[in-house]
Structure formats: C-alpha cells, structure tokens
Amino acid sequence: MLKYILNRLFHSVIVMFVISFIVFFIMFKAGDPVQLLLPPDATQQDVIEMRHALGIDQSFIKQYEAFLKNVAKGNLGNSFVYGQPALNVVFERLPATLELSVLAMIFSILFGIPLGIIASIKPKAWYSKVIMFLSLSGISVPIFWTGMILVLVFSVLLGWLPSSGRGEVYLFTSAFTWDGIKHLIMPVLTLSFFQLALILRLTRTGMMEVMMQDYIKLATAKGVPRRVVVYYHALKNSLIPLVTVIGIQFGQLVAFTIVTETIFAWPGTGKLIIDSIQNLDRPIVVAYLLIISFIFVAINFVVDVLYTFIDPRVRV
Amino acid sequence: MQFFKNELVVEFFEDKLAVGGLVIFIFLCVLALFPSLFSYQNPYDLTQLFLQNSFQPPNHTFWLGTDEQGRDIFSAMVYGLRISLYVGLASTILSVTIGYTLGLISGYYGGWVDTIIMRIADIQLSFPAILIALIIMALWGEGIGKVVIAITIVNWVYYARTARGVVLSEKEKDYAQSAKALGMSNFGIIFSEILPNTTAPIIVIATVRIANAIILEATLSFLGLGVPITEPSLGSLIANGYQVLFSGYWWDSVFPGVLLMVLVVSINLIGDRMRDIMNPRLKR
Amino acid sequence: MALLEVKNLKTYFFTRSGVIKSVDGTSFSIEKGEILGIVGESGAGKSITGFSILGLIDPPGKIVEGEINFDGRDLVKLSQDELQKIRGNEISIIFQDPQTSLNPVISIGKQLMETILYHRKGVSKKEAYNSCVEILKTVGLPAAEKRMKSYPHQLSGGMKQRVVIAMALLNNPKLLIADEPTTALDVTIQAQILYLMKKLSKDFHSALILITHDIAVVSQLCDKIAVMYAGRIVEYGSKEDVIFNPLHPYTKGLIECLPKLNDDKKRLYQIPGIMPSLLGLPEGCYFKDRCEFADEQCDVYPPRQEIDKRIVFCHKVK
C-alpha cells in the first residue's frame, strides 16, 4: 500500500513538473505583460525598469531556473499584477470556487442518481421518457446559456435573487448565511445542470446493463423482493463505476466555474484565471494550473482508495 | 432501397424523437448551406446595415429584432449557425482522423510509441478540456481556424484512447490473428481488418462529440476567446447580445441561444439513438 | 398427485423479427423426489421451460397459454409477489454459468443468508449464519466459515457452483431446477457436481429437473427423460425406455451420437443438418428435413401417441 502511494505521488510530481514547464514556456512565448501593466504614457525607461523588476528581461532558461529555485522554497513567484505571492492570491479565492463546485456536485449526485434509477426501471414509461428528454437538454445546453436565462428570469424579471457577487461569508463559506444562500442558488444551479444530466444518464445506463446480468436473475429466482434486487443487488454494482466518473467530473466542475464566475461576477479563481490569462500574469496562471492539476491528482487518488473499500475485486 | 431495409436503419426510424432530431438537423444543415436564401440581409455587409434600425424588437421586417448596429438577428443567426456547424464538423473530422490514427498505431505497435502517445494523453487528461482550449486561444487570439485547431488538440485524446482500447482487444481476436498468420503486413491488418470492425463505435462517439465541440466553441466565444464578432458564430452572437441583455434587449442573445440549443439537442437525439442501437448490452 | 404438472405450456417471444415460439405446447410432470431430464440442442426451449416455471420470463417474452400446477397452485396465475414467496423457497434454480450467477460485490455469506432471511420470518441472523455454514459443508466446500466472508472472484468455478447449489438447497425446496449446471465447468469437476446434485436431491427429498444437451448425463442420473426439439417435446418416458429403446428418430440420433467403448466404427454418428430457426419452422414435423424416415406423411405435424406409458410424436412409430 505504501509503495503504491509513493509510486502514485512520484508519478504526480512528474506530471506537475511537465505541466509547469509547458505552461511556463507558453506564457513566455505569449508576449510581454509590461505593455499591459504600464500606463500608455510610460517611457522606454519605465518599461526596461519594470521588465527588470519582474525578472522577465532574462533568457527563458534563466527565468525557468529562477522559478524552480522559488518552487523549492515553496513559492511560485509574485503576481505581476497584484505584486503578492501568486499562491496566496489563488488560495485567497479558492474557497469561493470550491464552495461552488462542491455544492454543485452534491446537488447533481442527490438528484442525478435517484432520477437515473427511476428512468432505468421502466425505460418505456412516460415519466422515464420525460426524464431522459430533460437530461438530454441538460447535456445540450451550454452552461453560460443556463446562467444567462436564470439571471434573466429570477433577477431581471422576477427580482427574487441577486444577479451577481458572493453573499455574506461566515467562517469559510457563504452557505451558512441567508444572504449567502441567496447568492449561491443560481451559480450552483447553473454549474450543476450539465453534471446532473450526465450522472443521471450514466446511472440509468449502468442500472440497465446490470439488471440484465445473470446474478440479478438469480437473485430474483431465489425469492429476493424486487425492491431489494433493484436498490441493493443492482445499485451496488452500478454505483461503483460512477465513483470514477464523479471523480473526473469534479475536476471539470472546478474548471467550469470559469464560466459561472464570469456570469455571476463570483469572486473565485475562475474569474482570476481569465483576467490573468488576458493580462499575461504568468505566476498566477502557473500557480492556478498547478493547483488545479493537484486537485485532479488528489481526487484520482481518493477515488482509487475508495475503490478498495467499495469494490471487493480491487485490492491494492 | 437497400439502405432503408437495413435492420439498424429501421430500428433508428422506430424512435420518433430521434427521427425528429434528424429532421431538424437536416433542416438546420440546409439553412447553413444556403444562408443567403433564407436571410433578409447579409449581416457581414456593412452597406446593408443602417444605424437607425438598431435595437428594434421583433417585428414584421426584422422577425427576431436587430442588434446595436441594426443587424437583423435572424440573418445573423443563419450565418452564425453556418460557422458553429463548420467548427463542430471540421474539428471533429480532424480530431477523429488524428486521434484515431495515433490510437491505432499506439495500440497495435505498443512499445515506446505507445508509451509516448499515451503519456501525452495522460497529461492532457489530467486537465479539464476547457482550460487547455482557453490557454491555447488566449495565446493565439480569436479566429475560426484557431478555434478548430484548439478543439482538435483537446479532443484527439478521446479518440486515441478509444481506438487504442479497441485495437488492444481486437488484435487478439481470431480474425486479426489469422490475418497475421497469413502473412499480412501490420498496416494491412490495421487498415483492412481492424479498422472496419471499429467504425461503428467511432461514428457514435463522433456524433456525440460534434455536439460537444459546438458547445465548447460557443463557450470559448462567450468568454471572448473564440470566434470574433466580425464573423460571428452562435456563441459570439450570444456573447454580444449578453452585453445588452439587462438593458432590455433580450432578443439579441435569447434567440441565438435557442437556436444553439435546438441544434445541439437535435444532434444529441441522433447520437443517443445510435448509441442505444449499437450497444448490444442493452438489447433485449 | 404429481408435484409439478406442466400442461400445454406456450412461452412466446414477441420480437421485431417475428414471434419466436420458444416453448410451444409442452406437457410433462414430475413426482416428489423424482429426477426428470430435459434434453435437447441449444435453442430447443429447455431453459425457457425452466424459467417459465419460476415466472422468470422478461419482456418481450410471455407465457401465452398453459398451466403449471405446483403443489395445488397454478403458477401461471400467480402474481409476482406470490411467486416471490415460492422462488428459492419451494422451487430453486441453478444457472448454467457459475461465473456470472453470483453478485460480484456482495459477500458469499450475505448472498446465502438473504435466501433464508427473506423466506423464513423469525429466523435470527445467527441461526441463518449457522445454517449457511452447515450447508456449505454439505456441498463439500472446505473452510466454510472463511468462505462466508469471501467474494465470488476469490472462488474457482467449481466452488462457485457449489455455492449456487448450496443456495438453492438452503430452504429445502420441493423442486430443484438445474439449467446445464455443469456445462461451464471443467470436465473433471462436472462428474463431481452431478453426483453431488443427485445425492443432495435424494437427501433433501427434492424433485430435480435437469436441463442439459448431454444425453449421457441424463442417462446416468434421471428417472424420466423428455426430449425437446424446436420448442416441443418429441419423446417422453422413463429413462430405461428412452435410452435403451428410443422410438423417435431424433432420440435415436442423439444416442447414436454418443461415443461408445470398443466401437469399431471409424467416425462418430452425426445427425445431418441443423435445427430449423424458430422463426422459420417448416410445415408438418419439425424434424422431417433431418430425418431418414421422412415421407409425405410427415408434412402434417405428428399426433401425440401413448405407447406403453411413454409419449412420442412421430408418424413412423406404430
């Protein structure tokens, strides 16, 4: 087990190292952030001084070397725009983003799995067809469009919910205050629609495949009641592959907060990364991508460990 | 006609929703192929636009209203549909070709070729697709061709993985082994024996991913990193209209959004049905 | 009165390509403690007959006609809830492939215990556990307590089939249906499992319906034999009669096919041709195209004849 963990850890470090190099190189090639940072009337002297101050007047190799030295000290460099350590800038906004993603994932699972089961039991019933058509719309609608329509209806026309910003924060989240919840509803819904539909559809397909297996027929043949056959024998089998999907999709959710946060002016990392890409703020972009890939790696690891508990066939 | 007697085709037509999707999709393709026949004006031709027509709500002349430049929304949508479809199809064809070839090679030869291709795929898959596309577009700037390439770079991985998996299982099967025993060349086996046996799943995946590509393009354009507004796709039209959505000019973004939704739903209806037919595990 | 009496059972599948008459007017009966063999090629409707008895026919299949009288009740008329009380309790079934018969993510112990707990109210978990360990020992599974905690993938095919047999016997059923119980197993294990089943059905006083394509197997184990062909029974009688004095040309052919010791013929006998598709059954006798005795008389389906307590459907038998 320990060997397995170390192996995985080593592999992830290599992947993150490669990612940092590629992103660093891309951002180096992308252009000169100084043009964007200085006022239009800046002199040539200002430009040179600023480039020197930011350390971007060096060769690529020198810059990357400096970056690696910083990494060894647990520092990913200072943001060009904010002048603070890039990691701090990202971490400051991470709770807001994770809050959206986690809530959206919980919402998707809570509704996606039961609806998927319902649609699988009698696939030809009218309600199954309605569920399936709605889920098809769910995977067909871009999330920015969902967000827009929600704002149009619930903020502009009805005036029930605030259209932008994060509400009052208590402890680390805004989910504990009434104001915070009101601000959360639409962004979370927007972010979950696609995931909910996807989880629903995968649950349904999984259940339908499992229900045709011999062991389900044998369970029925030995007199196990129908509801136990469906909700215990079949569900236990079809939930196992879902764990992987949910793991992968959580990473996608975090990425899609970029769109949600843009629409709802949510002060998280999604908005930060869009701004930073446009400002060529390399340290922030590198820090953000490394954190995202770390989250990906961590989730994959958790999924693998979970598997050893829920699937008796898998033993590390 | 032989085609309509094919069992799979008959099965496809038994599902009313799927047939509806197909009809709508064909209709939209016709619109996109001959946009000038269906539109009131050429939305790119500035000489046809008059500022006094700006922000007209839907009326007899401008069925779906106009934008701030006095451009007819319906005409812009028809031309936008053309670009959205083009990006979806072109990027899918490109990524299928590239991804599938690499996947076949990777799966068939194994060894270091396999290692390299799959390592690249692994690293790419440890990132959400949209992020990769975003960074590429941020670097290159807007443009239709650039979007197509960005989406191809993101999507080839999925086909490569599928193809590799299929080859790994197919190459152990009897027909491939016997072709090998008969002295067929590696390329001969891949392209004349294995490839035909794997086209069905690829067609299904590709259909679903055309829809994904169209959504990805729209999302990039919405974030201002996709197709420029000078030659707008449905996504860029929505993005453009979004800026005035809360000033009350809802038709600028709502109508292009509805069309985008109809387009993607119709493709997904077709893809869904095809997948159900092709999936023998769900057959009763 | 017979324990189970199947009368004119018809189970059809309504598919896109047409109606498949998997079981088309089958009648047979079985007494308490008796062993009945149903023999036939794959697709002859043997398994569907077994599934029909337990009401396990899924759409597009349906029992369209007939009676299945079991211990005073017509199973065809019972609801799923009523059937559920009989399944695994009074009638048990053993499937062909032990590899797929057990739920891969539920422990052997749980799968065994639930068979008791859903049928016998008031039995404690402890008692159920003890009966399961007991029965695992009876079917010859070593280290029974340890096996209760195991998962199916940790067992070999033969061990799994023993577990499935144990599961079927747990509630001391009056009738056991075994659908090709040894086909998926190694040859060396097949005989063990077959004799185990024969012994257990005698010990537990259960009647046994053995469904198989292998006439050698039924000739060794069974009291009565029914030969099925294309959804219908063509010959039905005691083992001695059917094996040593077959009347129907198809039964004769099946027995001819068996390899015999000190046989000087160079090649084994083969019945020419294949069983017709259930979607394109010929007019008249279904076997006529493969039958060396067939003539124009056979263009009409042969009537039921009862000769010395056995039943046969053939014009050529007098």
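Which residues in α3(B) are buried? Keep that question in mind as you explore these close-ups of a predicted model.

**Figure 1. Helix α3 of chain B, from end to end and side to side.** Helix α3(B) covers residues 16-33, and its 18 residues reach 26 Å from the first C-alpha to the last, close to the 26 Å expected at 1.5 Å a residue. The buried residues asked about above are B:Ala18, B:Gly21, B:Leu28, B:Leu31 and B:Ala32. Looking down the axis of α3(B), you would find its buried residues within an arc of 140°, so they line one face of the helix. What covers the buried residues of α3(B)? The cover includes α2 (7-13), α4 (35-38), α5 (73-109) and α12 (251-278) of chain B. On the face turned away from the buried side, look for the exposed residues B:Lys16, B:Val23, B:Ile26, B:Phe27, B:Val30 and B:Leu33.

**Figure 2. The open sheet of chain C.** Here four strands line up in the order β2-β1-β4-β5, with antiparallel pairing. Strands β2 (18-30) and β5 of chain C stand at the edges with a single partner strand each, so one side of each has no neighbour in the sheet. Between β1(C) and β2(C), which run antiparallel, there are 10 bridges; in β2(C), C:Thr26 is the residue opposite C:Leu9. Helix α1 (residues 46-53) of chain C packs on the sheet and touches β1, β2 and β4 of chain C. The direction of this helix makes about 70° with that of β2(C).

**Figure 3. Strand β4 of chain C and its partners.** Strand β4 (residues 61-70) of chain C runs antiparallel to β1 (residues 4-15) of chain C, and eight bridges join them.

**Figure 4. Where chain A meets chain B.** In this view, 32 residues of chain A are in contact with 32 residues of chain B. Several helices of chain A each supply at least two residues to the side touching chain B, among them α1 (2-30), α6 (126-140) and α8 (178-211). Which helix gives the most? That is α10(A), with seven residues. By class, this side of chain A has 24 nonpolar, seven polar and one charged residues.

Technical notes. Residues are numbered from 1 along each chain as its sequence is written. Chains are lettered from A and ligands numbered from 1 in the order in which they are written. This is a predicted model: local features need pLDDT of at least 70, side-chain atom pairs count only at pLDDT 80 or more; totals for chains, interfaces and linings use all residues. Two strands pair if DSSP finds at least two bridges between them. The expected span of a helix is 1.5 Å times one less than its number of residues. A residue is buried if 20 or more other C-beta atoms lie within 10 Å of its own, exposed if 12 or fewer, and partly exposed in between; C-beta atoms are placed from the backbone. The arc is that of the directions from the helix axis to the C-beta atoms. Two residues are in contact if their C-beta atoms, placed from the backbone, lie within 7 Å. Ala, Val, Leu, Ile, Met, Phe, Trp, Tyr, Cys and Pro count as nonpolar, Asp, Glu, Lys and Arg as charged, and the others, Gly among them, as polar. Axes are lines fitted to C-alpha atoms, for helices over the stretch in contact, and angles run from 0 to 180 degrees between N-to-C directions.
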